[in-house]
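Please find below a note on the model under review. The points are numbered so that each may be checked against the coordinates.

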Amino acid sequence: MLSKYGFLLLLVCIGCVLLFITLVDKGLRPRAPTVSLLQPQTAYETTGRSSGASGIIIEPPACNATVLMWIVTSYAGEPSARSALRRAYATEELRALGIGRVFLLGALSEDAERKTRVPQNALLDESRRFNDILQGDFLDTYRNLTRKHLMGLRWATSNCKDVKYIMKMDDDIVVDIYGILEKLRSGAIREDSLTGYVLRNMIPVREPANKWYVSRAEYAGNVYPDFVSGWLYITHPRTAGRLVDHAESSREYFWIDDVFVTGIVRQALNIGVRNVSELYATDHGYLECCIKGGANLLKCEFLVGPNGGDAELQGRFKEFAKFCHANCSARKGGNLVGRTCVVAYKEPSLHKGAVQISPIRIL
């Protein structure tokens, strides 16, 4: 009898030791900073305009892309940026290149409709005319940028089965789509990574008066993981699908979309990043210098940049890029736009908050 009790006691002791080791190991193991699982209630508010459980109010009829699906985040109340992109790159031209384009919108509140003078009926009419609107049943606010971003990735991965790449972009960004396609054909985009302007050592804004203020309850860490700027990045559908699946299954949420999707979620999945920051102009003035260089049949080393508040820069840069793609020669050495163009200095802002950016030497 004693031996039986002794054996049971031994098992209990072994179990206690294993439990202690497990608890100590968890305590010593470094933990990822926590992110908030919830948003303010107002951000979750829906309009009730969607049909069914999809949460989609307006959806394009089909995906017509074979090479690249181009998803563009856009504020519903600012149709001018969408109009400029459509004039620069018409749907017919994109289709001939194997590219599909969809604008990602949220829903406007009654107050926002009054201020912007863009009622829901206007968006419905815009969708009927161009068939390129994807609108979710959530308020179109900063706090819902992540919902908009994930909505676009989910739609692209679900509807564009044969597409090779997905490109996410903001609607105030200028792009040379011919140069992008050239990079894709060169094999510059790896399947298991996100390619774009990589931001490192980004710190959360802790000043409550700042509109990009992030509390420690929302994000507990002092530094964000490396992430790719939401200006423009490219990935493969499979990788995009992994990002969306993880974000939806984890039920975590952080409202700064590029930090969350291409930083927090990407890191959790151990997806790599590829930095091609040399292709990004951080000031629209460099793009203007590129356009001027077209008169001398000189190409531009930049493929992406901000429009500086001038939506029509998109069209001017597109005409330059299309002309130079066939007629211009590459700049060399000291003749690069980044070294010869003189623009007023302005702090780069490829992000929401503060960041450390190191000087880039363009060879």
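1. Basis of the note. This is a predicted model, in which local features need pLDDT of at least 70 and side-chain atom pairs count only at pLDDT 80 or more, while totals for chains, interfaces and linings use all residues. Residues are numbered from 1 along each chain as its sequence is written, and side-chain values use heavy atoms, with hydrogens and water left out.

2. Overall content. The chain contains 13 helices and 10 strands. Helices (H or I, at least four residues) and strands (E, at least two) are DSSP runs, numbered from the N terminus. Of the 363 residues in the chain, 49% are buried. Buried denotes a relative accessible area under 20%, exposed one over 50%, and partly exposed a value in between (1.4 Å probe, protein chains only).

3. Surface and contacts. The accessible surface of the chain is about 18400 Å², and carbon and sulfur atoms account for 54% of that area. Accessible areas come from the Shrake-Rupley method with a 1.4 Å probe; for residues, only the protein chains shown count as cover. Among contacts between residues at least 6 apart in sequence, 81% join residues at least 24 apart. A contact means heavy atoms within 4.5 Å.

4. Helices α11 and α12. Two packed helices are described by the angle between their axes and the distance between the axes. Helix α11 (residues 284–293) packs on helix α12 (residues 313–327) at an angle of about 40 degrees, with the axes 9 Å apart. The pair is therefore oblique. Axes are lines fitted to C-alpha atoms, for helices over the stretch in contact, and angles run from 0 to 180 degrees between N-to-C directions. Angles under 35 degrees count as roughly parallel, over 145 as roughly antiparallel, 65 to 115 as roughly perpendicular and the rest as oblique. The crossing of α11 and α12 is left-handed. A left-handed crossing has the near helix turned anticlockwise from the far one by less than a right angle, and a right-handed one has it turned clockwise.

5. Residues joining α11 and α12. On α11 the contact is made by His284, Leu287, Glu288, Cys290 and Ile291, and on α12 by Leu313, Arg316, Phe317 and Phe320. By class, the residues of this contact of α11 with α12 are 6 nonpolar, 1 polar and 2 charged. Ala, Val, Leu, Ile, Met, Phe, Trp, Tyr, Cys and Pro count as nonpolar, Asp, Glu, Lys and Arg as charged, and the others, Gly among them, as polar.

6. Helices α3 and α12. Helix α3 (residues 79–88) also packs with α12, at an angle of about 20 degrees and with the axes 8 Å apart. That angle makes α3 roughly parallel to α12. The crossing of α3 and α12 is right-handed. Ala84, Leu85 and Ala88 of α3 meet Gln314, Gly315 and Lys318 of α12, a contact of 3 nonpolar, 2 polar and 1 charged residues.

7. Helices α3 and α6. The axes of α3 and helix α6 (residues 120–130) come within 13 Å and cross at roughly 10 degrees, which makes α3 roughly parallel to α6. The contact involves Pro79, Arg82 and Arg86 of α3 and Leu123, Glu126 and Phe130 of α6. The residues of this contact of α3 with α6 divide into 3 nonpolar, no polar and 3 charged.

8. Ala240. Ala240 lies in helix α9 (residues 237–250) and counts as buried at 0% relative accessibility. Leaving aside neighbours within four places in sequence, Ala240 is in contact with Leu153, Thr157, Ile166 and Thr235. The C-alpha atoms of Ala240 and Arg154, 86 residues apart along the chain, are separated by 7.9 Å.

9. Positive phi values. Most residues other than glycine have a negative phi. Asn270, in the loop between α10 (257–268) and β9 (272–275), has a positive phi near 60 degrees and is exposed, with a relative accessible area of 69%. Leu297, in the loop between α11 and β10 (304–306), likewise has a positive phi near 60 degrees, and counts as partly exposed at 39% relative accessibility.

10. Two further loop positions. Phe302 is placed in the loop between α11 and β10 and is buried, at 5% relative accessibility. The C-alpha atoms of Phe302 and Glu278 are 7.2 Å apart, with the two residues 24 apart in sequence. Gly55, in the loop between α2 (41–44) and β1 (56–58), is partly exposed at 28%. The C-alpha atoms of Gly55 and Phe138, 83 residues apart along the chain, are separated by 8.0 Å.
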